[in-house]
Amino acid sequence: MTTLATQLPTGLWQVDPVHSTAGFAVKHMVVSTFRGRFEDFDARLESVDGGDVRLTGRVRADSIVVKDENLAAHLTAPDFFDTQRYPEILFESTSVSRDGDALIVEGDLTIKGQTRRVRGEGAIVDAHEDPYGNQRIGLSLETAVDRTEFGLNWNAPLPRGGVALANDVKLQLELELVQA
Amino acid sequence: MRVLGLSGSLRRASHNSKLLRAAGDTLPPGASLEIYDGLRFIPPYDEDQEHLAPDTVLALREAIRESDAVLFATPEYNASIPGHLKNALDWMSRPLKISPLRGKPVAVVGASTSLFGAVWAQAELRKVLGAIGARVVDAELPVPDADEAFDGDALAEPELEAALGDIAGRLVAEAAEHIATAA
């Protein structure tokens, strides 16, 4: 396949979940960056009417993975994602554009029932054929959100000032997409 | 709808047990409050005993599991929650993933003979319940001067009585939504 570096892929591209990552990073105890990820998610890039391209994503919020099971249980509780009532995190792009290898995606992100417009920036790697004859592309995207805008308000004051958890959270996607 | 009442005070003439009974009288039709009186029998939490939890712990787990919501009334001991109540919650929190309080609608009220109405203990208790994974109603009801706060089985101050009814109503509404979501 030949693709100009200014063109977005056409057709339908579906996520290879094993070789993709949906993660987050947030400042913890003021000093360090804490990272986690979601195991169960879906994403697709597809051509839509008018020649545009749409990126959509769906994450099972209770598939969150951190290194402590009690922390994972707290993160799925009403203090955080409240996965019993809001089982999915959703994203639907309103615009996808590229400039060379740079990728910009804007769209509506829904977490815990709250929808906010976000803008993610990153990179696109054009199609490459895998050993089985499939075409694959790579998307890297990152955005920052204020978790309290989505109702994830938990925090705890620290003895010497400051709080345990920052409000700003980076959402980081590394997507390997296979042409359908 | 079944609301379980847990009083943080064990004494027979407890203001907080009385506050629970007052809350029970404000519940909307179709909801009833049952006050649990077994907290005094729960031994100190011991991780070694987790898989051999005593009957008193199993009974509380079952009572919470069978309820649609839990209403706590807590006094304030040394600016915090009474030890036996925290101890019972520590038992209930283990293992956290299958805690009967996980996702359970809960609310906290409190009475004390001081001017502050156990407001710190209520905040502490909401924090603990949130950490366990309960669905905590974001409201508090400090009932100060508890020796003089009641008129019969109800709160003497109409505003406090109305606020108690409001919290009980919000708890029942949360429980109804919880039942609808789970269905």
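## Backbone and loops of chain A

A:Lys112 sits in the loop that connects strand S8 (102-111) with strand S9 (114-129) of chain A, where helices (H or I, at least four residues) and strands (E, at least two) are DSSP runs numbered from the N terminus. Although A:Lys112 is not a glycine, its phi is positive, at about 55 degrees. This residue is partly exposed, with 18 other C-beta atoms within 10 Å; by the definition applied here, a residue is buried if 20 or more other C-beta atoms lie within 10 Å of its own, exposed if 12 or fewer, and partly exposed in between, the C-beta atoms being placed from the backbone.

The model is predicted, so local features need pLDDT of at least 70 and side-chain atom pairs count only at pLDDT 80 or more, while totals for chains, interfaces and linings use all residues. Residues are numbered from 1 along each chain as its sequence is written, and chains are lettered from A and ligands numbered from 1 in the order in which they are written.

A positive phi is also found at A:Val30, a residue other than glycine, where the angle is near 75 degrees. A:Val30 belongs to the loop between strand S2 (21-28) and strand S3 (32-38) of chain A, and it counts as partly exposed because it has 13 C-beta neighbours inside 10 Å.

## A:Gly100 and A:Gln7

A:Gly100 is located in the loop between strand S7 (88-99) and S8 of chain A, and with 9 other C-beta atoms within 10 Å it is exposed. From C-alpha to C-alpha, A:Gly100 and A:Gln7 are 8.5 Å apart in space, although 93 residues apart in sequence.

## Helix H2 of chain B

Helix H2 (residues 55-66) of chain B contains 12 residues and reaches 16 Å from its first C-alpha to its last, close to the 16 Å expected at 1.5 Å a residue, the expected span being 1.5 Å times one less than the number of residues. Its buried residues are B:Val57, B:Leu60 and B:Ile64. Seen down the helix axis, these buried residues fall within an arc of 65 degrees, so they line one face of H2(B); the arc is that of the directions from the helix axis to the C-beta atoms. An α-helix has 3.6 residues a turn, so residues three or four places apart point the same way.

On the other side of H2(B), the exposed residues are B:Asp55, B:Leu58, B:Glu62 and B:Glu66.

## A cis peptide bond in chain B

B:Arg94 and B:Pro95 are joined by a cis peptide bond, with omega about -15 degrees. B:Pro95 lies in the loop between helix H3 (83-92) and strand S4 (105-111) of chain B.
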